[in-house]
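I opened the notebook to look up the overall build, the pockets and the aromatic contacts of this structure. The entries follow in the order in which I made them.

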Amino acid sequence: MSGKQEIRAAVRAARKALPEPERQAMSSGIIGRIRAMDEFRRASTVLAYWPLPGEVDLRPLVTEGGRRFVLPVVCGDDLVLKEYDPEQMVEGAFGIMEPGPESRTVLPEEVDLALIPGVAFDSSCMRLGRGRGYYDRLLGSLRCHKAGVAFPFQIYDSVPADPWDVPMDSVIIP
């Protein structure tokens, strides 16, 4: 299986088949690995994301506090980074919860660690996204450690990559 659409379909099916208790257990394992990272311990500002159904759920990490978390907000064809504030969360593009318009905008250079979702990752830390390019456009502006987060079934020997794709510095699985 080498085509982007085939990989996306296979991962979509695997996510759908994953029982919720197992998804939460694996998400907790990933959060534990993130907490153990030196990059996380040193970070004062962490880019995370609010999960789509079936994705690795980082909400317990984001909501626990202790550091500044920022979340992406879809703005046209780009992602704008906004400071997480539980009082300011609104439903945004694609039904994803995101910081509202009153939330503080954060520049990419302020981010110390980026936790990045993806459809699939490979052994060289390349990332396959959903195909709209939102993260592709953001990743090039980040100057911090970029860690992909994934379930084991999202790891492939190789994923198709384009010249503009930015590899992750690491990929975290449970």
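Entry 1, charges over rings. I counted a charge as sitting over a ring if NZ of Lys or CZ of Arg is within 6 Å of the ring centre and within 35 degrees of the ring normal. I note that this is a predicted model. By that rule I found Arg67 over the face of Phe40, at 3.9 Å from the ring centre. I also found Arg137 over the face of Tyr134, where the distance from the ring centre is 5.5 Å.

Entry 2, aromatic pairs. I searched the whole structure and got two aromatic pairs. I wrote down one of them, Trp50 with Tyr84, which is stacked, at 5.8 Å centre to centre and 20° between the planes. I then checked where the two partners lie: Trp50 is in the loop between strand E1 (45–47) and helix H4 (59–63), and Tyr84 is in the loop between strand E3 (78–83) and strand E4 (89–91), so the pair ties together parts that are 34 residues apart in sequence. Are Trp50 and Tyr84 buried or exposed? I found both Trp50 and Tyr84 to be buried.

Two or more lining residues come from each of helix H1 (4–17), strand E2 (68–75), strand E5 (97–99), strand E9 (127–128) and helix H5 (134–139). Which element gives the most to this lining? I noted E2, with four residues. By type, I sorted the lining into 18 nonpolar, four polar and 10 charged residues.

I counted five helices and 12 strands in the protein chain. The C-alpha trace spans about 45 × 35 × 30 Å along its principal axes. I compared the radius of gyration with the globule rule: a compact globule with 174 residues would be near 16 Å, and the protein chain has 15 Å, which agrees. Of the 174 residues, I have 48% down as buried.

How values were computed
Residues numbered from 1 in each chain as written. Predicted model: local features only at pLDDT ≥ 70, side-chain atom pairs only at ≥ 80, totals over all residues. Heavy atoms only, no water. Nonpolar A, V, L, I, M, F, W, Y, C, P; charged D, E, K, R; others polar. Phe/Tyr/Trp six-rings, centres within 6.5 Å; stacked < 30°, edge-to-face > 60°. Buried < 20%, exposed > 50% of the residue type's maximum accessible area, 1.4 Å probe, protein only. Rg over C-alpha atoms; globule rule 2.2 N^0.38 Å.
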